Amino acid sequence: MKYYITTPIYYPNSSPHIGTAYTTIAADAMARLRRMKGDDVFFLTGTDENAQKIVRTAESAGLDPHTYVDGIVERFKELWKLLQISNDDFIRTTEERHAKVVQQIFTKLYEQGDIYKSEYEGWYCTPCETFWTENKLVDGKCPNPDCGREVELLKEESYFFRMSKYQDRLLKYIQDHPEFIQPASRRNEMIKFIEGGLEDLCVSRTTFNWGIKVPFDPKHVVYVWLDALINYISALGYPDGENYKKYWPANVHLIGKDIVRFHTVIWPIVLMALDIPLPEKVFGHGWFLSKEGGKISKSRGNVQDSFELIRRYGSDPIRYFLLREMQAGMDGTYSEDDLVERLNSDLANDLGNYISRTLAMVVKYNDSKVPSPGPDTDLEKELKELSSQVMATAEEKMLACDPAAALEAIWQFVSRCNKYVDETAPWNLAKDPSQRERLNTVLYTFVDSIRILGILCAPFMPGVPEKIKPLLGGGDYYGDWEQAAKWNIIPPGTVIEKGQPIFPRVDISAFTEEEQGSTGTSQGEGPQAPEKAVTPQIAPIKEEISIEDFAKIDLRVVKVLKAEKVEKADKLLKLEVQLGEEVRTIVSGIAQYYAPEELVGKKVILVANLKPAKLRGIVSQGMILAASEEGTLEVLTVQKEFSTGAIVK
Ligand code: MSP
């Protein structure tokens with residue numbers, strides 16, 4: 001089976017952001033899953049460079065458009081690489097291979113009478129690259145609810161495309177092919193729009209010359225949307241390239257909801273006029289909105305640097321968050337706090353911790369070797385059945401362009417695996433020699449379930465198999481989707497490794513602190529210097545120090561007088577502590593483990609000569625000591641009646 005999937009081609013007028021990355025990540029996950037199914041996949045993305053707004057942005061940057069777009073296109077390519085996007089091609093509309101197909105199609109449509117010359121008089125919105133008639137404007141501005149910006153009056157000689165001629169044929173096609181426009185709500189909007197009547201479309205411009213020239217009338221450049229849509233076939237080598245013959249029609253054009261009209265009205269009419277089959281499906285997903293409500297977009301100024309986000313959290317967590325957060329057809333909300341929350345709960349805790357704790361048991365109870373399993377009980381049977389159900393559901397949801405639902409199904413399996421650990425309680429089995437065979441079955445099931453999790457996660461987070469592979473003895477088990485429903489694959493005797501947690505927990509305040517330009521000094525379990533933002537499960541013993549080095553640390557007993565939560569930082573507590581005569585403020589990352597009132601009156605240990613650091617705008621004058629490991633923390637206290645300020649050594 002062939003599978004051809006495309007993303008929109010992005011305007012390189014500014015660097016890509018989280019909103020624009022969503023479509024590419026989602027298409028990548030779909031492409032990866034189909035490849036794992038054995039399909040012959042072609043996954044296309046690229047850049048839409050011949051827009052008038054590009055000329056304007058380049059001008060204001062004092063650059064010629066070519067130099068300007070070359071720089072931004074590199075940013076796109078770099079980002080896709082960091083996000084492990086597996087596109088098979090990247091098309092730029094300034095490439096000759098594209099321009100020549102656009103010119104050929106324009107000429108053909110002109111020669112067959114579908115394009116004619118006339119004069120355009122009306123309005124143009126450059127940010128949207130859209131023509132508007134006077135009666136559509138809202139208060140004289142662009143009627144696109146996401147835009148509302150100034151429009152310009154155009155009066156110029158133009159070529160027009162006879163859209164009206166194809167109106168009835170298109171309407172019938174949409175009605176006869178319910179799968180063509182998805183989700184259904186967008187389909188209904190489009191039906192209404194077409195029923196309202198289609199006007200012929202202006203398809204050339206003469207007031208600037210950046211773009212693809214109309215070959216028989218070179219003072220005209222082709223309208224950017226007609227030019228851009230053609231990328232889906234020019235990249236395949238239309239009309240007679242091998243890839244065109246093999247992959248067209250596309251299985252899915254994955255796009256955002258704002259550009260559904262271009263893809264389901266203009267594009268199918270162009271294809272009908274060329275007598276080419278239509279794509280199977282155009283799926284218009286929602287937008288990522290900021291917490292405040294607006295679409296994440298450069299023009300709204302609410303975008304965060306995607307490169308910085310990847311540096312902070314890694315590519316897989318960002319992919320996971322975006323895919324999980326956008327429910328099919330609806331808008332999603334993006335915030336860094338929510339991203340960290342998901343990372344810590346779904347990835348570090350549910351998935352990562354399952355892997356660490358089960359492998360630790362194989363290390364402990366079977367000397368790091370995968371045992372031979374004994375007979376299955378109902379618990380194993382249930383787990384095995386669930387893995388094949390989840391595999392089928394995830395696959396079906398991905399064909400329906402719904403990665404959030406696919407991940408939800410996979411996380412049901414993750415939860416079931418965690419429950420299996422509690423139900424089987426291997427720590428009890430290990431105490432009873434007569435339960436050795438049962439213990440072996442449980443340990444084996446752990447290891448094989450981790451292999452399955454590696455497969456199920458692979459399309460969404462391609463880094464997961466890479467991380468799991470060395471833990472499970474280096475075998476290459478992750479490229480075939482169907483293997484997620486098969487068990488007893490890992491050979492008994494394989495030596496496993498516990499390794500480091502595959503998704504260490506992250507403390508967002510470490511990064512917030514970094515932004516404030518502080519020294520990033522470690523404060524208890526709270527914010528740490530950026531490179532130490534993750535909490536290792538077994539911290540390696542640090543470099544040896546002398547007694548003189550240790551003597552530099554001034555540890556004192558202090559009494560907690562007051563404790564309260566720090567606003568908008570769910571991990572931080574603000575403490576007031578008594579140190580002799582002095583009262584100090586300490587910010588400590590222990591809010592998840594203590595209610596503020598639990599600490600009041602306790603005598604704790606303070607690193608009293610630590611350089612103050614600012615956390616969430618509060619100056620922390622030292623830090624208190626605590627013992628901690630994955631999931632648990634205890635502040636060190638003294639029980640006897642020491643006075644505050646007593647030395648600890
Ligand atoms: N160049 C055209 C597409 C031509 S396709 C033949 C274009 N480019 S764009 O860069 O403005 O937008 C590209 C895609 O990014 C659109 O599908 C748009 O919906 C998507 N997104 C831009 N901001 C977004 C969010 N905040 N959230 C999700 N997707 C968003 O339109």
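Okay, quick definition before we start: when I say helix or strand, I mean a DSSP run, at least four residues of H or I for a helix and at least two of E for a strand, numbered from the N terminus. With that in hand, Pro239 sits in the loop between α8 (231-234) and α9 (242-247). And keep in mind that this is a predicted model.

Pro249 belongs to the loop between α9 and β11 (252-256).

Glu129 isn't a glycine, yet its phi is positive, about 50°. You'll find Glu129 in the loop between β4 (115-125) and β5 (130-132).

Okay, on to the ligand. How many residues surround it? The count is 24, and the closest are Ile9, Asp48, Gly256, Asp258 and Phe288. Asp48 puts a polar side-chain atom 2.7 Å from a ligand nitrogen. Then there are backbone partners. Ile296 has a polar backbone atom 2.8 Å from a nitrogen atom of the ligand. For Tyr11, a backbone N or O atom lies 3.2 Å from a ligand oxygen.

Last topic, helix packing, and I've got two pairs to show you. Start with α5 (residues 167-176) and α10 (residues 260-274): their axes come within 10 Å and cross at roughly 110°. Angles of 65 to 115 degrees count as roughly perpendicular, so that's what α5 is to α10. Who's touching whom? On the α5 side it's Arg169, Leu170, Tyr173 and Ile174, and they meet Thr264, Val265, Pro268, Ile269 and Met272 of α10. By class, that contact has 7 nonpolar residues, 1 polar and 1 charged.

Now the other pair, α11 (residues 306-313) and α13 (residues 336-366). Here the axes come within 12 Å, and the crossing is roughly 30°. Anything under 35 degrees counts as roughly parallel, and therefore α11 and α13 are roughly parallel to each other. The crossing of α11 past α13 is right-handed. In α11, the residues involved are Leu309, Arg312 and Tyr313; facing them from α13 are Glu336, Leu339, Val340 and Leu343. Sort that contact by class and you get 5 nonpolar residues, 2 charged and no polar ones.

Key:
Residues are numbered from 1 along each chain as its sequence is written. This is a predicted model: local features need pLDDT of at least 70, side-chain atom pairs count only at pLDDT 80 or more; totals for chains, interfaces and linings use all residues. Side-chain values use heavy atoms; hydrogens and water are left out. Axes are lines fitted to C-alpha atoms, for helices over the stretch in contact, and angles run from 0 to 180 degrees between N-to-C directions. Angles under 35 degrees count as roughly parallel, over 145 as roughly antiparallel, 65 to 115 as roughly perpendicular and the rest as oblique. A crossing is left-handed if the near helix is turned anticlockwise from the far one by less than a right angle, and right-handed if clockwise. Contact means heavy atoms within 4.5 Å. Ala, Val, Leu, Ile, Met, Phe, Trp, Tyr, Cys and Pro count as nonpolar, Asp, Glu, Lys and Arg as charged, and the others, Gly among them, as polar. A residue is near a molecule or strand if one of its heavy atoms lies within 4 Å of it. A polar contact is a pair of N or O atoms within 3.5 Å; within protein, one must be able to donate a hydrogen and the other to accept it, and residues adjacent in sequence count only if both atoms are side-chain atoms.
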